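Before the questions start, please have the sequence and the model open side by side.

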Amino acid sequence: MRFSSYGGPDVLELVDVENRKPGPGQVMVAVIAAGVNPGEIGIREGAMADRYPARFPEGQGSDFAGLVAAIGEGVTSVSVGDAVIGFSDDRNAQAEFVTVPADRVIEKPEVLDWQQAAGLYVVGTTAWACIEAVDVREGDTVVVAGAAGGVGVIATQLAVARGARVIVTARREHHGYLRGLLAEPVVYGAGVDERIRRLAPEGVDAFIDACGKGSVDLAVRLGVSPHRINTIADFEAATRTGAKSLGQSSVEPAPVLEELAGLLACRQIELPVYASYPLDQVREAYERVAEGHGLGKVVIDVRSYA
């Protein structure tokens, strides 16, 4: 999947390209499933060109899961045929084959579903970064804004696991699921300040913004110190308020991913996948993500296309 100019989903094209054989220290993976992330929409539209400029023709997608098809010289960490979870810095994961450095893949736990595995890397490492950025501690009251998305779902569970009280904002239809994760949900929108204050009259210690939409300013109004606010969705607000804007690049990806994959495999955390599309329906997949109503992740089932 590629695009040669900035724009909406219509600029995406499924094209035939020559497989890039793995060089020294690289692996080629036959992709079974690939993740779809909201941030990739901003990259494709050019809204994030200052941070993530496109190199036309630009690929699409970062995280994936599949089987190692070939290895380059010096690679000993994986073998041909191994099931792996991985991440492409070149944003070309939505493809039948992807070639990446060997340190960008880890072994996939056998019990882990392919679709969950494919959607884990970006949201998982980003959620981990958010938890570390705001220093979630036992006894804290933490708000996670946008808790029904992939990052929010995992951040909520990681915060609960650290012994925090977690208040989350989400659409009402997702409240039952989030209560099952031991979070306390409120509806976002007008009046959200008061709804959170009623639940936490003694104040909020830390705030994770996974959705934007004024959430950083909400955190400031709630009295949260800027050094304990982290956003992955509103960089302007972070600059203006002094809040943090740390994401997956702030953590060591491989060990964090291994930890998360183990937690997911042991069912200590969950990652719901609410929609799956074949490779030739990537446009529809991004339209679904842009709606912002789903719980968890959208993935591309590359195997169904092949």
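The model is predicted, so local features need pLDDT of at least 70 and side-chain atom pairs count only at pLDDT 80 or more, while totals for chains, interfaces and linings use all residues. Residues are numbered from 1 along each chain as its sequence is written, and side-chain values use heavy atoms, with hydrogens and water left out.

Reader: How many residues of strand β8 are buried?
Author: Strands are DSSP runs of E with at least two residues, and helices are runs of H or I with at least four, numbered from the N terminus. Buried means under 20% relative accessible area, exposed over 50%, and partly exposed in between (1.4 Å probe, protein chains only). β8 covers residues 141–145 and is mostly covered. The buried count is five of five.

Reader: Which residue in β9 stands opposite Val 143?
Author: Two strands pair if DSSP finds at least two bridges between them. β8 and β9 (residues 165–169) pair in the parallel sense over five bridges. The residue opposite Val 143 is Ile 167.

Reader: Which residue in β11 is the bridge partner of Val 142?
Author: β8 also pairs with β11 (residues 206–209), in the parallel sense over four bridges. The partner of Val 142 there is Ala 206.

Reader: Where does helix α2 bend?
Author: The bend at a residue is the angle between axes fitted to the seven residues ending there and the seven starting there. α2 spans residues 114–133, and 16 of its 20 residues are buried. Its bend is about 55°, at Leu 120.

Methods:
Expected span 1.5 Å × (residues − 1).
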